[in-house]
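Me: I am new to this kind of model and would like to learn how to read it. Could you take me through a few features, step by step?

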Amino acid sequence: MGQPVVQTIQRDPALFYWILLPITVVMILTGILRHYATILLQSTPKKQPLPNVRQHRSLIRGVNLRQNGNQLSPSSFQNRRAQMVSDFKEGKFLADPEGRGKPRPNPMTDPAAMEGMMGMMKGQMTMMIPQTLIMGWINAFFSGFVIMKLPFPLTPQFKSMLQSGVGTRDLDVRWVSSLSWYFLTLFGLQPVYNFILGSNNSANQVTQQMAQMNPNPGAMGPDQDPDKLFLNEAENLEVMEHRWILDGVEDRILAQLA
Amino acid sequence: MAFPDLLHPPSHTSQSSALRLSQEAPRILAKAPTSSLPYPLSLLSSSETEETWTIYENLFLSCLRTGDNVSARKCIDHLTARFGAVNERIMALTGIYKEAAAADTAALVKVLDKYNEAIQADPTNMPVRKRKVATLKALNRPADAIASLVELLDLSPTDAEAWSELSDLYLAQSMFSQAIYSLEEVLLIFPNAWAMQARMGELLYLSYLSSPADPSTLSEALRRYCRSLELCDDYLRGYYGLKITCQKILENAPKTSSKAVAASEDLPPPSPAKVEKLHELATKKLAEIVRRASQQEPGWDGYDEAELIAARALLDRDAEVIVR
(Lines give C-alpha, C1' and ligand atoms only; values in the text may rest on other atoms or scores of the structure.)
Protein backbone atom coordinates (compact mmCIF):
# COMPACT_ATOMS: atom_id res chain seq x y z
CA MET A 1 0.00 0.00 0.00
CA GLY A 2 1.70 3.17 -1.08
CA GLN A 3 0.55 6.65 -1.79
CA PRO A 4 -2.45 6.87 -4.15
CA VAL A 5 -1.21 7.25 -7.64
CA VAL A 6 -1.29 10.85 -8.75
CA GLN A 7 -2.85 11.10 -12.13
CA THR A 8 -0.85 13.05 -14.60
CA ILE A 9 -2.14 14.11 -17.95
CA GLN A 10 0.19 15.59 -20.46
CA ARG A 11 -1.55 18.82 -21.39
CA ASP A 12 -0.56 21.06 -24.22
CA PRO A 13 0.23 24.45 -22.59
CA ALA A 14 -1.57 25.99 -25.53
CA LEU A 15 -4.82 24.76 -23.94
CA PHE A 16 -4.31 27.39 -21.31
CA TYR A 17 -3.76 30.20 -23.77
CA TRP A 18 -6.39 29.21 -26.29
CA ILE A 19 -9.23 27.88 -24.15
CA LEU A 20 -9.00 28.89 -20.51
CA LEU A 21 -8.08 32.51 -21.12
CA PRO A 22 -10.50 33.10 -24.01
CA ILE A 23 -13.46 31.68 -22.07
CA THR A 24 -12.66 33.82 -19.06
CA VAL A 25 -12.12 36.97 -21.08
CA VAL A 26 -15.26 36.42 -23.15
CA MET A 27 -17.33 35.86 -20.02
CA ILE A 28 -16.09 39.04 -18.39
CA LEU A 29 -16.65 41.05 -21.53
CA THR A 30 -20.19 39.72 -21.99
CA GLY A 31 -20.95 40.68 -18.42
CA ILE A 32 -19.82 44.23 -19.04
CA LEU A 33 -21.68 44.36 -22.33
CA ARG A 34 -24.82 43.08 -20.65
CA HIS A 35 -24.52 45.75 -18.00
CA TYR A 36 -24.46 48.51 -20.57
CA ALA A 37 -27.14 46.87 -22.71
CA THR A 38 -29.53 46.75 -19.75
CA ILE A 39 -28.87 50.40 -19.06
CA LEU A 40 -29.61 51.28 -22.68
CA LEU A 41 -32.75 49.16 -22.82
CA GLN A 42 -34.16 50.45 -19.57
CA SER A 43 -37.28 52.42 -20.22
CA THR A 44 -37.70 55.35 -17.84
CA PRO A 45 -40.39 54.51 -15.32
CA LYS A 46 -43.67 56.06 -16.36
CA LYS A 47 -45.17 58.72 -14.18
CA GLN A 48 -48.14 57.69 -12.12
CA PRO A 49 -51.24 59.77 -12.76
CA LEU A 50 -52.13 62.11 -9.92
CA PRO A 51 -55.11 60.17 -8.48
CA ASN A 52 -52.96 57.06 -8.17
CA VAL A 53 -50.24 58.98 -6.35
CA ARG A 54 -52.85 60.34 -3.98
CA GLN A 55 -54.37 56.91 -3.41
CA HIS A 56 -51.00 55.33 -2.68
CA ARG A 57 -49.76 58.05 -0.35
CA SER A 58 -53.04 58.28 1.54
CA LEU A 59 -52.79 54.59 2.24
CA ILE A 60 -49.23 55.08 3.49
CA ARG A 61 -50.52 57.85 5.74
CA GLY A 62 -52.90 55.34 7.27
CA VAL A 63 -50.05 52.91 7.79
CA ASN A 64 -47.98 55.69 9.38
CA LEU A 65 -50.79 56.50 11.78
CA ARG A 66 -51.00 52.86 12.77
CA GLN A 67 -47.26 52.47 13.26
CA ASN A 68 -46.42 55.81 14.86
CA GLY A 69 -49.74 56.66 16.48
CA ASN A 70 -48.08 56.36 19.88
CA GLN A 71 -46.50 59.74 19.29
CA LEU A 72 -49.85 61.50 19.56
CA SER A 73 -51.87 62.35 22.62
CA PRO A 74 -54.84 60.01 23.08
CA SER A 75 -57.45 62.65 22.24
CA SER A 76 -55.67 63.76 19.08
CA PHE A 77 -55.10 60.14 18.07
CA GLN A 78 -58.77 59.26 18.53
CA ASN A 79 -59.86 62.19 16.37
CA ARG A 80 -57.50 61.27 13.62
CA ARG A 81 -58.39 57.62 13.73
CA ALA A 82 -62.12 58.29 13.56
CA GLN A 83 -61.63 60.65 10.63
CA MET A 84 -59.32 58.33 8.73
CA VAL A 85 -61.39 55.21 9.27
CA SER A 86 -64.54 56.87 7.98
CA ASP A 87 -62.65 58.31 4.99
CA PHE A 88 -61.14 54.95 4.16
CA LYS A 89 -64.50 53.23 4.41
CA GLU A 90 -66.13 55.78 2.16
CA GLY A 91 -63.32 55.36 -0.35
CA LYS A 92 -62.48 59.04 -0.36
CA PHE A 93 -58.92 58.52 -1.57
CA LEU A 94 -59.63 56.00 -4.30
CA ALA A 95 -58.21 56.86 -7.71
CA ASP A 96 -61.27 55.39 -9.37
CA PRO A 97 -64.30 55.83 -7.09
CA GLU A 98 -66.71 54.41 -9.65
CA GLY A 99 -64.75 51.18 -9.90
CA ARG A 100 -65.47 50.18 -6.31
CA GLY A 101 -66.58 46.64 -5.91
CA LYS A 102 -66.00 45.74 -9.54
CA PRO A 103 -63.51 42.96 -10.25
CA ARG A 104 -60.06 44.03 -11.38
CA PRO A 105 -59.48 44.03 -15.14
CA ASN A 106 -57.36 41.30 -16.62
CA PRO A 107 -53.72 42.42 -16.51
CA MET A 108 -53.14 41.12 -20.04
CA THR A 109 -55.57 43.66 -21.48
CA ASP A 110 -54.26 46.55 -19.41
CA PRO A 111 -51.76 48.51 -21.53
CA ALA A 112 -49.88 49.77 -18.48
CA ALA A 113 -49.32 46.25 -17.22
CA MET A 114 -48.26 45.13 -20.70
CA GLU A 115 -45.55 47.76 -20.68
CA GLY A 116 -44.16 46.44 -17.44
CA MET A 117 -44.09 42.97 -18.90
CA MET A 118 -42.27 44.22 -21.97
CA GLY A 119 -39.62 45.68 -19.72
CA MET A 120 -39.20 42.35 -18.01
CA MET A 121 -38.98 40.60 -21.37
CA LYS A 122 -36.21 42.94 -22.43
CA GLY A 123 -34.27 42.11 -19.30
CA GLN A 124 -34.73 38.41 -19.94
CA MET A 125 -33.56 38.76 -23.52
CA THR A 126 -30.29 40.44 -22.57
CA MET A 127 -29.60 37.42 -20.41
CA MET A 128 -30.82 34.67 -22.65
CA ILE A 129 -29.19 35.63 -25.93
CA PRO A 130 -25.55 35.89 -24.86
CA GLN A 131 -25.90 32.85 -22.66
CA THR A 132 -27.16 30.71 -25.53
CA LEU A 133 -24.52 32.02 -27.91
CA ILE A 134 -21.59 31.43 -25.58
CA MET A 135 -22.82 28.02 -24.57
CA GLY A 136 -23.11 27.06 -28.24
CA TRP A 137 -19.68 28.47 -28.97
CA ILE A 138 -18.03 26.49 -26.19
CA ASN A 139 -19.85 23.33 -27.12
CA ALA A 140 -18.89 23.65 -30.76
CA PHE A 141 -15.22 24.41 -30.28
CA PHE A 142 -14.02 23.27 -26.89
CA SER A 143 -16.24 20.40 -25.78
CA GLY A 144 -14.42 17.59 -24.06
CA PHE A 145 -11.23 19.45 -23.26
CA VAL A 146 -9.69 19.10 -19.86
CA ILE A 147 -8.15 22.48 -19.34
CA MET A 148 -6.78 22.74 -15.84
CA LYS A 149 -6.07 21.05 -12.58
CA LEU A 150 -7.18 22.49 -9.30
CA PRO A 151 -4.36 22.85 -6.75
CA PHE A 152 -6.40 21.17 -3.96
CA PRO A 153 -8.13 17.80 -3.57
CA LEU A 154 -11.91 17.46 -3.68
CA THR A 155 -14.51 14.80 -2.91
CA PRO A 156 -16.10 12.88 -5.81
CA GLN A 157 -19.38 14.77 -5.40
CA PHE A 158 -17.80 17.63 -7.32
CA LYS A 159 -17.31 15.43 -10.36
CA SER A 160 -20.55 16.46 -12.04
CA MET A 161 -19.83 20.09 -11.33
CA LEU A 162 -16.26 20.18 -12.54
CA GLN A 163 -16.25 17.65 -15.36
CA SER A 164 -19.41 18.16 -17.35
CA GLY A 165 -18.86 17.23 -20.96
CA VAL A 166 -16.07 14.76 -20.16
CA GLY A 167 -17.32 11.21 -19.89
CA THR A 168 -14.47 9.48 -18.05
CA ARG A 169 -15.36 7.81 -14.81
CA ASP A 170 -11.89 7.41 -13.32
CA LEU A 171 -10.56 10.88 -13.94
CA ASP A 172 -9.47 12.64 -10.75
CA VAL A 173 -12.00 15.27 -9.59
CA ARG A 174 -9.33 17.93 -9.65
CA TRP A 175 -9.38 18.14 -13.40
CA VAL A 176 -11.74 20.76 -14.79
CA SER A 177 -13.37 20.57 -18.19
CA SER A 178 -13.97 23.55 -20.44
CA LEU A 179 -17.76 23.43 -20.15
CA SER A 180 -17.48 23.35 -16.35
CA TRP A 181 -15.14 26.28 -16.42
CA TYR A 182 -17.82 28.14 -18.32
CA PHE A 183 -20.38 27.41 -15.62
CA LEU A 184 -17.96 28.36 -12.88
CA THR A 185 -17.30 31.73 -14.47
CA LEU A 186 -21.02 32.19 -15.14
CA PHE A 187 -21.86 31.97 -11.47
CA GLY A 188 -18.66 33.19 -9.92
CA LEU A 189 -17.80 36.43 -11.65
CA GLN A 190 -19.95 38.76 -9.57
CA PRO A 191 -17.00 40.04 -7.48
CA VAL A 192 -15.08 40.75 -10.67
CA TYR A 193 -18.01 42.76 -12.02
CA ASN A 194 -18.31 44.57 -8.73
CA PHE A 195 -14.69 45.50 -9.07
CA ILE A 196 -14.99 46.72 -12.65
CA LEU A 197 -18.47 48.22 -12.76
CA GLY A 198 -19.21 49.17 -9.20
CA SER A 199 -21.47 47.36 -6.80
CA ASN A 200 -24.80 48.28 -8.33
CA ASN A 201 -24.28 46.62 -11.70
CA SER A 202 -26.59 44.45 -13.72
CA ALA A 203 -23.94 42.25 -15.28
CA ASN A 204 -24.78 38.98 -13.61
CA GLN A 205 -28.01 37.33 -14.57
CA VAL A 206 -28.19 35.21 -11.42
CA THR A 207 -28.56 38.20 -9.13
CA GLN A 208 -30.99 39.73 -11.60
CA GLN A 209 -33.20 36.70 -11.58
CA MET A 210 -33.25 36.77 -7.82
CA ALA A 211 -34.26 40.43 -7.89
CA GLN A 212 -37.10 39.62 -10.24
CA MET A 213 -38.50 36.97 -7.94
CA ASN A 214 -39.73 39.62 -5.51
CA PRO A 215 -39.98 43.00 -7.19
CA ASN A 216 -40.13 45.62 -4.41
CA PRO A 217 -42.33 43.97 -1.83
CA GLY A 218 -43.45 47.26 -0.26
CA ALA A 219 -45.19 48.58 -3.34
CA MET A 220 -48.82 47.94 -4.05
CA GLY A 221 -49.12 45.15 -6.53
CA PRO A 222 -51.01 45.92 -9.71
CA ASP A 223 -53.50 43.15 -9.19
CA GLN A 224 -54.55 44.15 -5.69
CA ASP A 225 -57.82 45.97 -5.27
CA PRO A 226 -57.03 49.34 -3.65
CA ASP A 227 -60.47 49.48 -2.10
CA LYS A 228 -59.77 46.21 -0.25
CA LEU A 229 -56.45 47.59 0.94
CA PHE A 230 -58.14 50.67 2.33
CA LEU A 231 -60.83 48.65 4.11
CA ASN A 232 -58.16 46.40 5.50
CA GLU A 233 -56.20 49.34 6.82
CA ALA A 234 -59.34 50.87 8.34
CA GLU A 235 -59.93 47.62 10.20
CA ASN A 236 -56.32 47.54 11.43
CA LEU A 237 -56.69 51.09 12.71
CA GLU A 238 -59.94 50.28 14.48
CA VAL A 239 -58.52 47.43 16.50
CA MET A 240 -55.25 49.15 17.26
CA GLU A 241 -54.21 49.70 20.84
CA HIS A 242 -52.91 53.14 21.72
CA ARG A 243 -50.30 53.84 24.35
CA TRP A 244 -48.93 57.35 24.47
CA ILE A 245 -45.16 57.39 24.32
CA LEU A 246 -45.05 60.50 26.51
CA ASP A 247 -46.66 58.60 29.36
CA GLY A 248 -44.05 58.62 32.10
CA VAL A 249 -41.34 60.20 29.98
CA GLU A 250 -40.38 62.59 32.78
CA ASP A 251 -39.69 59.64 35.09
CA ARG A 252 -37.58 57.99 32.41
CA ILE A 253 -35.56 61.15 31.89
CA LEU A 254 -35.02 61.62 35.61
CA ALA A 255 -33.99 58.00 36.02
CA GLN A 256 -31.61 58.24 33.09
CA LEU A 257 -29.89 61.51 33.90
CA ALA A 258 -30.29 62.31 37.55
CA MET B 1 -13.25 65.68 -2.09
CA ALA B 2 -11.88 69.17 -1.71
CA PHE B 3 -15.21 70.71 -0.76
CA PRO B 4 -16.91 68.52 1.83
CA ASP B 5 -19.40 71.30 2.62
CA LEU B 6 -20.75 71.10 -0.89
CA LEU B 7 -22.12 67.61 -0.38
CA HIS B 8 -24.65 68.75 2.21
CA PRO B 9 -27.73 70.83 1.49
CA PRO B 10 -26.79 74.47 2.03
CA SER B 11 -29.47 75.07 4.64
CA HIS B 12 -27.04 73.51 7.10
CA THR B 13 -23.94 75.44 6.08
CA SER B 14 -23.21 78.54 8.06
CA GLN B 15 -23.26 82.02 6.58
CA SER B 16 -19.47 82.27 6.54
CA SER B 17 -18.85 78.96 4.87
CA ALA B 18 -21.51 79.71 2.26
CA LEU B 19 -19.59 82.88 1.47
CA ARG B 20 -16.33 80.97 1.22
CA LEU B 21 -17.92 78.42 -1.09
CA SER B 22 -19.35 80.99 -3.41
CA GLN B 23 -15.95 82.65 -3.57
CA GLU B 24 -14.57 79.33 -4.76
CA ALA B 25 -17.30 79.08 -7.37
CA PRO B 26 -15.41 80.43 -10.40
CA ARG B 27 -12.63 77.94 -9.78
CA ILE B 28 -15.02 75.00 -9.55
CA LEU B 29 -17.00 76.15 -12.54
CA ALA B 30 -13.84 76.44 -14.63
CA LYS B 31 -13.60 72.66 -14.73
CA ALA B 32 -16.30 71.62 -17.19
CA PRO B 33 -18.02 68.44 -16.00
CA THR B 34 -19.24 67.31 -19.38
CA SER B 35 -16.94 67.01 -22.32
CA SER B 36 -17.52 68.95 -25.49
CA LEU B 37 -16.95 65.99 -27.80
CA PRO B 38 -19.85 64.51 -29.81
CA TYR B 39 -21.94 61.76 -28.21
CA PRO B 40 -20.12 58.43 -28.39
CA LEU B 41 -16.71 59.96 -27.73
CA SER B 42 -17.95 62.06 -24.85
CA LEU B 43 -18.62 58.89 -22.87
CA LEU B 44 -14.90 58.19 -22.77
CA SER B 45 -13.66 61.54 -21.58
CA SER B 46 -16.27 62.75 -19.08
CA SER B 47 -15.13 63.09 -15.50
CA GLU B 48 -18.64 62.96 -14.07
CA THR B 49 -19.09 61.31 -10.70
CA GLU B 50 -22.14 60.84 -8.55
CA GLU B 51 -21.20 63.83 -6.46
CA THR B 52 -20.70 66.21 -9.37
CA TRP B 53 -24.31 67.28 -9.61
CA THR B 54 -24.91 67.47 -5.89
CA ILE B 55 -21.96 69.84 -5.76
CA TYR B 56 -23.36 71.94 -8.57
CA GLU B 57 -26.77 72.17 -6.97
CA ASN B 58 -25.42 73.15 -3.57
CA LEU B 59 -22.95 75.57 -5.11
CA PHE B 60 -25.85 77.13 -6.97
CA LEU B 61 -27.80 77.67 -3.78
CA SER B 62 -24.77 79.02 -1.93
CA CYS B 63 -24.07 81.48 -4.75
CA LEU B 64 -27.66 82.73 -4.65
CA ARG B 65 -27.40 83.13 -0.92
CA THR B 66 -24.39 85.35 -1.25
CA GLY B 67 -25.78 87.26 -4.20
CA ASP B 68 -23.40 85.92 -6.83
CA ASN B 69 -26.01 85.56 -9.56
CA VAL B 70 -23.44 85.23 -12.35
CA SER B 71 -21.92 82.04 -10.96
CA ALA B 72 -25.39 80.78 -10.09
CA ARG B 73 -26.44 81.27 -13.70
CA LYS B 74 -23.43 79.22 -14.81
CA CYS B 75 -24.31 76.41 -12.41
CA ILE B 76 -27.88 76.27 -13.59
CA ASP B 77 -26.70 76.29 -17.21
CA HIS B 78 -24.49 73.27 -16.57
CA LEU B 79 -27.34 71.48 -14.81
CA THR B 80 -29.80 72.26 -17.60
CA ALA B 81 -27.34 71.08 -20.23
CA ARG B 82 -27.01 67.79 -18.39
CA PHE B 83 -30.60 67.01 -17.35
CA GLY B 84 -32.73 69.00 -19.77
CA ALA B 85 -35.04 71.91 -19.05
CA VAL B 86 -38.12 69.76 -18.45
CA ASN B 87 -36.67 67.86 -15.52
CA GLU B 88 -38.78 68.60 -12.42
CA ARG B 89 -35.87 69.39 -10.20
CA ILE B 90 -34.19 71.59 -12.77
CA MET B 91 -37.47 73.44 -13.27
CA ALA B 92 -37.60 74.15 -9.55
CA LEU B 93 -33.96 75.25 -9.47
CA THR B 94 -34.44 77.52 -12.47
CA GLY B 95 -37.45 78.92 -10.66
CA ILE B 96 -35.32 79.67 -7.60
CA TYR B 97 -32.86 81.52 -9.81
CA LYS B 98 -35.62 83.58 -11.39
CA GLU B 99 -37.10 84.35 -7.99
CA ALA B 100 -33.73 85.51 -6.76
CA ALA B 101 -33.12 87.59 -9.87
CA ALA B 102 -36.58 89.16 -9.80
CA ALA B 103 -36.13 92.86 -9.15
CA ASP B 104 -39.62 93.79 -7.96
CA THR B 105 -42.99 92.33 -7.10
CA ALA B 106 -44.20 92.37 -10.70
CA ALA B 107 -41.29 90.16 -11.77
CA LEU B 108 -42.04 87.78 -8.92
CA VAL B 109 -45.67 87.57 -9.97
CA LYS B 110 -44.48 86.67 -13.46
CA VAL B 111 -42.44 83.80 -11.99
CA LEU B 112 -45.55 82.69 -10.13
CA ASP B 113 -47.52 82.61 -13.38
CA LYS B 114 -44.80 80.41 -14.89
CA TYR B 115 -45.21 78.02 -11.96
CA ASN B 116 -48.96 77.91 -12.44
CA GLU B 117 -48.48 77.05 -16.11
CA ALA B 118 -46.02 74.29 -15.25
CA ILE B 119 -48.41 72.84 -12.67
CA GLN B 120 -51.26 72.86 -15.18
CA ALA B 121 -49.10 71.07 -17.72
CA ASP B 122 -48.04 68.43 -15.22
CA PRO B 123 -50.06 68.27 -12.00
CA THR B 124 -47.67 65.74 -10.44
CA ASN B 125 -44.77 68.19 -10.45
CA MET B 126 -44.16 68.41 -6.70
CA PRO B 127 -40.92 70.48 -6.69
CA VAL B 128 -42.59 73.26 -8.68
CA ARG B 129 -45.67 73.14 -6.44
CA LYS B 130 -43.40 73.70 -3.48
CA ARG B 131 -41.71 76.61 -5.22
CA LYS B 132 -45.13 78.09 -5.80
CA VAL B 133 -45.82 78.00 -2.08
CA ALA B 134 -42.46 79.62 -1.38
CA THR B 135 -43.13 82.37 -3.90
CA LEU B 136 -46.57 83.07 -2.45
CA LYS B 137 -44.93 83.32 0.94
CA ALA B 138 -42.35 85.74 -0.43
CA LEU B 139 -45.17 87.80 -1.97
CA ASN B 140 -46.66 88.05 1.50
CA ARG B 141 -49.83 86.19 0.62
CA PRO B 142 -49.92 83.64 3.46
CA ALA B 143 -53.55 82.67 2.92
CA ASP B 144 -52.84 81.66 -0.69
CA ALA B 145 -49.66 79.90 0.37
CA ILE B 146 -51.57 77.89 2.97
CA ALA B 147 -54.31 77.06 0.46
CA SER B 148 -51.91 75.73 -2.16
CA LEU B 149 -49.93 73.85 0.48
CA VAL B 150 -53.12 72.21 1.74
CA GLU B 151 -53.91 71.21 -1.84
CA LEU B 152 -50.44 69.72 -2.21
CA LEU B 153 -50.81 67.80 1.04
CA ASP B 154 -54.17 66.42 0.00
CA LEU B 155 -52.40 64.93 -3.03
CA SER B 156 -49.30 63.82 -1.18
CA PRO B 157 -50.01 63.45 2.53
CA THR B 158 -46.70 61.73 3.31
CA ASP B 159 -44.54 64.77 2.61
CA ALA B 160 -43.00 65.72 5.95
CA GLU B 161 -41.27 68.79 4.54
CA ALA B 162 -44.57 70.22 3.36
CA TRP B 163 -46.32 69.45 6.65
CA SER B 164 -43.66 71.24 8.66
CA GLU B 165 -43.78 74.22 6.29
CA LEU B 166 -47.54 74.32 6.74
CA SER B 167 -47.06 74.25 10.48
CA ASP B 168 -44.73 77.26 10.24
CA LEU B 169 -47.20 79.14 8.05
CA TYR B 170 -50.03 78.52 10.50
CA LEU B 171 -47.81 79.55 13.39
CA ALA B 172 -47.02 82.82 11.63
CA GLN B 173 -50.78 83.40 11.54
CA SER B 174 -51.05 82.44 15.24
CA MET B 175 -53.33 79.54 14.37
CA PHE B 176 -51.90 77.27 17.03
CA SER B 177 -54.16 74.25 16.90
CA GLN B 178 -53.69 73.95 13.12
CA ALA B 179 -49.94 74.36 13.49
CA ILE B 180 -49.87 71.65 16.15
CA TYR B 181 -51.96 69.34 13.97
CA SER B 182 -49.53 69.77 11.07
CA LEU B 183 -46.55 69.13 13.26
CA GLU B 184 -48.22 65.98 14.60
CA GLU B 185 -48.33 64.76 11.01
CA VAL B 186 -44.57 65.28 10.76
CA LEU B 187 -44.13 63.23 13.92
CA LEU B 188 -46.27 60.48 12.44
CA ILE B 189 -43.88 60.29 9.50
CA PHE B 190 -40.64 60.70 11.45
CA PRO B 191 -41.41 59.56 15.01
CA ASN B 192 -37.84 59.82 16.22
CA ALA B 193 -37.01 63.30 14.98
CA TRP B 194 -35.96 64.90 18.26
CA ALA B 195 -35.84 68.36 16.75
CA MET B 196 -39.49 67.95 15.79
CA GLN B 197 -40.41 66.75 19.28
CA ALA B 198 -38.78 69.84 20.74
CA ARG B 199 -40.46 72.01 18.13
CA MET B 200 -43.76 70.52 19.21
CA GLY B 201 -42.92 71.53 22.75
CA GLU B 202 -42.22 75.05 21.55
CA LEU B 203 -45.54 75.23 19.72
CA LEU B 204 -47.45 73.97 22.75
CA TYR B 205 -45.65 76.45 24.98
CA LEU B 206 -46.44 79.32 22.61
CA SER B 207 -50.06 78.28 22.36
CA TYR B 208 -50.25 78.23 26.16
CA LEU B 209 -48.78 81.74 26.29
CA SER B 210 -51.38 83.02 23.85
CA SER B 211 -54.32 81.44 25.69
CA PRO B 212 -53.32 80.36 29.19
CA ALA B 213 -56.57 78.61 29.96
CA ASP B 214 -55.58 74.98 29.74
CA PRO B 215 -52.62 73.93 31.91
CA SER B 216 -52.50 70.50 30.25
CA THR B 217 -50.89 72.10 27.18
CA LEU B 218 -48.03 73.12 29.37
CA SER B 219 -47.55 69.66 30.81
CA GLU B 220 -47.63 68.18 27.32
CA ALA B 221 -44.99 70.70 26.27
CA LEU B 222 -42.90 69.55 29.21
CA ARG B 223 -43.26 65.93 28.16
CA ARG B 224 -42.42 66.71 24.54
CA TYR B 225 -39.17 68.32 25.66
CA CYS B 226 -38.44 65.30 27.81
CA ARG B 227 -39.02 63.03 24.82
CA SER B 228 -36.65 65.06 22.66
CA LEU B 229 -34.00 64.76 25.39
CA GLU B 230 -34.64 61.06 25.63
CA LEU B 231 -33.94 60.76 21.91
CA CYS B 232 -30.94 63.08 21.83
CA ASP B 233 -28.56 63.59 24.74
CA ASP B 234 -27.32 67.10 25.46
CA TYR B 235 -29.83 68.70 23.11
CA LEU B 236 -29.50 72.38 23.94
CA ARG B 237 -32.88 73.47 22.60
CA GLY B 238 -34.59 70.68 24.50
CA TYR B 239 -33.02 71.68 27.82
CA TYR B 240 -33.73 75.33 27.19
CA GLY B 241 -37.39 74.62 26.54
CA LEU B 242 -37.59 72.24 29.48
CA LYS B 243 -36.23 74.91 31.80
CA ILE B 244 -38.59 77.68 30.76
CA THR B 245 -41.58 75.33 30.73
CA CYS B 246 -40.75 74.12 34.24
CA GLN B 247 -40.42 77.71 35.38
CA LYS B 248 -43.82 78.50 33.94
CA ILE B 249 -45.45 75.50 35.58
CA LEU B 250 -43.90 76.34 38.95
CA GLU B 251 -45.04 79.94 38.60
CA ASN B 252 -48.58 78.76 38.00
CA ALA B 253 -48.50 76.01 40.59
CA PRO B 254 -50.44 77.77 43.37
CA LYS B 255 -53.11 78.88 40.91
CA THR B 256 -53.66 75.56 39.17
CA SER B 257 -53.52 73.25 42.14
CA SER B 258 -57.09 74.09 43.06
CA LYS B 259 -58.53 73.08 39.69
CA ALA B 260 -55.85 70.69 38.43
CA VAL B 261 -58.14 67.72 38.62
CA ALA B 262 -60.67 69.20 36.24
CA ALA B 263 -58.27 69.70 33.35
CA SER B 264 -56.50 67.22 31.07
CA GLU B 265 -58.21 64.09 29.91
CA ASP B 266 -55.00 62.65 28.44
CA LEU B 267 -52.55 62.40 31.29
CA PRO B 268 -52.49 63.91 34.76
CA PRO B 269 -49.97 66.75 35.06
CA PRO B 270 -46.63 65.81 36.63
CA SER B 271 -46.35 66.41 40.36
CA PRO B 272 -44.71 69.69 41.47
CA ALA B 273 -41.84 67.77 43.04
CA LYS B 274 -41.03 66.16 39.71
CA VAL B 275 -41.22 69.48 37.91
CA GLU B 276 -38.84 70.92 40.48
CA LYS B 277 -36.42 68.07 39.87
CA LEU B 278 -36.65 68.43 36.12
CA HIS B 279 -36.00 72.13 36.48
CA GLU B 280 -32.87 71.45 38.50
CA LEU B 281 -31.72 68.90 35.98
CA ALA B 282 -32.28 71.25 33.05
CA THR B 283 -30.44 74.08 34.79
CA LYS B 284 -27.52 71.83 35.62
CA LYS B 285 -27.27 70.44 32.10
CA LEU B 286 -27.64 73.84 30.46
CA ALA B 287 -24.84 75.22 32.61
CA GLU B 288 -22.66 72.25 31.71
CA ILE B 289 -23.33 72.58 27.99
CA VAL B 290 -22.70 76.32 28.02
CA ARG B 291 -19.50 75.92 30.00
CA ARG B 292 -18.08 73.11 27.91
CA ALA B 293 -19.09 74.51 24.56
CA SER B 294 -17.70 77.95 25.31
CA GLN B 295 -14.38 76.38 26.31
CA GLN B 296 -14.58 74.39 23.09
CA GLU B 297 -13.88 71.08 24.73
CA PRO B 298 -13.46 68.24 22.24
CA GLY B 299 -16.79 66.58 21.50
CA TRP B 300 -18.77 69.62 22.61
CA ASP B 301 -18.56 71.69 19.47
CA GLY B 302 -21.26 72.09 16.88
CA TYR B 303 -23.64 74.07 19.06
CA ASP B 304 -25.18 77.08 17.42
CA GLU B 305 -23.57 80.32 18.61
CA ALA B 306 -26.89 82.15 18.96
CA GLU B 307 -28.47 79.30 20.93
CA LEU B 308 -25.53 79.25 23.34
CA ILE B 309 -25.86 82.97 23.94
CA ALA B 310 -29.58 82.60 24.56
CA ALA B 311 -28.97 79.77 27.01
CA ARG B 312 -26.37 81.82 28.87
CA ALA B 313 -28.79 84.75 29.05
CA LEU B 314 -31.45 82.45 30.51
CA LEU B 315 -29.05 81.18 33.16
CA ASP B 316 -27.92 84.71 34.00
CA ARG B 317 -31.51 85.82 34.45
CA ASP B 318 -31.90 82.98 36.93
CA ALA B 319 -28.80 84.02 38.81
CA GLU B 320 -30.09 87.57 39.15
CA VAL B 321 -33.27 86.34 40.76
CA ILE B 322 -31.27 84.43 43.34
CA VAL B 323 -29.05 87.44 44.10
CA ARG B 324 -32.10 89.54 44.77
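Reply: Let's begin with exposure: a residue is buried under 20% relative accessible area, exposed over 50% and partly exposed in between, using a 1.4 Å probe and protein chains only. Here Lys130(B) is partly exposed, with a relative accessible area of 26%, and Glu161(B) is exposed, at 53%. This is a predicted model, where local features need pLDDT of at least 70 and side-chain atom pairs count only at pLDDT 80 or more, while totals for chains, interfaces and linings use all residues. Residues are numbered from 1 along each chain as its sequence is written, chains are lettered from A and ligands numbered from 1 in the order in which they are written, and side-chain values use heavy atoms, with hydrogens and water left out.

Me: How do I read a salt bridge, and which residue does Lys130(B) form one with?

Reply: A salt bridge is a side-chain nitrogen of Lys or Arg within 4 Å of a carboxyl oxygen of Asp or Glu. Lys130(B) forms one with Glu161(B), with the closest N and O atoms 2.6 Å apart. This pair links distant parts of the chain, 31 residues apart: Lys130(B) is in helix 7 of chain B and Glu161(B) in helix 9 of chain B. Helices here are DSSP runs (H or I, at least four residues), as are strands (E, at least two), numbered from the N terminus.

Me: What meets the side chain of Glu165(B)?

Reply: The side chain of Lys137(B) does, in a salt bridge of 2.8 Å, N to O. Glu165(B) lies in helix 9 of chain B and Lys137(B) in helix 7 of chain B, so this pair ties together parts that are 28 residues apart in sequence. Glu165(B) is partly exposed at 25%, and so is Lys137(B) at 42%.

Me: How many salt bridges are there over all chains?

Reply: A search of the whole structure finds 29. Some join into a network, which links Asp168(B), Arg199(B), Glu202(B), Arg237(B) and Glu307(B).

Me: And how do I read a helix, such as helix 8 of chain B?

Reply: The expected span is 1.5 Å times one less than the number of residues. Helix 8 of chain B (residues 142-155) has 14 residues and reaches 20 Å from its first C-alpha to its last, close to the 20 Å expected. Its buried residues include Ala145(B), Ile146(B) and Leu149(B).

Me: What do the buried residues of helix 8 of chain B pack against?

Reply: Contact means heavy atoms within 4.5 Å. These buried residues pack against helix 7 (126-138) and helix 9 (160-172) of chain B, together with helix 2 (50-68) of chain A.
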